[in-house]
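Please read the report below with the sequence and the model side by side.

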Amino acid sequence: MTITAYQVLAPLASILAILYAWSLVFRNKKTVWEGSIWTVFWCTISAIAIFPDLLEYLTQITGIQKRENAVFISSIGILFFAVFYIVMRLEAMEQRQSRIARKMALKDIDDEK
């Protein structure tokens with residue numbers, strides 16, 4: 001098996017991305033959940049780069065014959081999950097913002113009395 005530049009560069013880039021993600025977690029700018037998802041994503045990229053035959057397993061799981069199509073459809077599924085996760089986080093932040101605004105308004109009314 002011949003090792004390509006991609007098989008070397010992708011894992012190195014993955015290691016850097018994972019280290020960066022966890023530095024954000026330790027600085028409390030990201031959650032452990034986000035760091036874990038980021039780690040799984042980049043480990044998957046590295047594994048596929050090092051062992052491209054893993055895509056054959058993906059075609060067997062999905063039932064899609066061509067590897068390219070299996071990767072494409074799986075990526076769309078992952079993106080839908082990511083968008084759903086972002087929407088849920090956004091709704092939670094909006095609810096927190098509304099609660100804070102209500103509390104501040106009630107506090108201002110109490111201070112005026």
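## A tyrosine in helix 1

Y20 is found in helix 1, and the structure in which it sits is a predicted model. With a relative accessibility of 51%, Y20 counts as exposed, because the cut-off for that class is over 50%. In space, the C-alpha atoms of Y20 and G35 are 9.3 Å apart, while in sequence these two residues are separated by 15 residues.

## How the two helices pack

Two packed helices are described by the angle between their axes and by the distance between those axes. Here, helix 1, which covers residues 5-26, packs with helix 2, which covers residues 32-50, at an angle of about 175°, and their axes are 9 Å apart. This makes helix 1 roughly antiparallel to helix 2, because angles over 145 degrees are put in that class.

On the side of helix 1, the residues that meet helix 2 are Y6, Q7, A10, P11, S14, A17, I18, A21, W22 and V25. Their partners in helix 2 are V32, G35, S36, W38, T39, W42, C43, I45, S46, A49 and I50. When the residues of this contact are divided by type, 15 are nonpolar, six are polar and none is charged.

## Aromatic pairs

How many aromatic pairs does a search of the whole structure find? The search finds five. One of them joins W22 and F26, whose ring centres are 6.2 Å apart and whose planes are at 40°, so the pair is tilted. Both residues lie in helix 1, four residues apart, which is about one turn of the helix.

Another tilted aromatic pair is formed by W38 and F41, with 6.5 Å from centre to centre and 35° between the planes. W38 and F41 both lie in helix 2, three residues apart, about one turn of the helix. The relative accessible area of W38 is 38%, so W38 is partly exposed, and F41, with a relative accessible area of 40%, is also partly exposed. Ring pairs link W38 and F41 with W42 into a cluster, and of these residues W38 and W42 are also among those in helix 2 that meet helix 1.

Technical notes:
Residues are numbered from 1 along each chain as its sequence is written. This is a predicted model: local features need pLDDT of at least 70, side-chain atom pairs count only at pLDDT 80 or more; totals for chains, interfaces and linings use all residues. Side-chain values use heavy atoms; hydrogens and water are left out. Axes are lines fitted to C-alpha atoms, for helices over the stretch in contact, and angles run from 0 to 180 degrees between N-to-C directions. Helices (H or I, at least four residues) and strands (E, at least two) are DSSP runs, numbered from the N terminus. Angles under 35 degrees count as roughly parallel, over 145 as roughly antiparallel, 65 to 115 as roughly perpendicular and the rest as oblique. Contact means heavy atoms within 4.5 Å. Ala, Val, Leu, Ile, Met, Phe, Trp, Tyr, Cys and Pro count as nonpolar, Asp, Glu, Lys and Arg as charged, and the others, Gly among them, as polar. Buried means under 20% relative accessible area, exposed over 50%, partly exposed in between (1.4 Å probe, protein chains only). Rings of Phe, Tyr and Trp (its six-membered ring) pair if their centres lie within 6.5 Å; planes under 30 degrees apart count as stacked, over 60 as edge-to-face and the rest as tilted.
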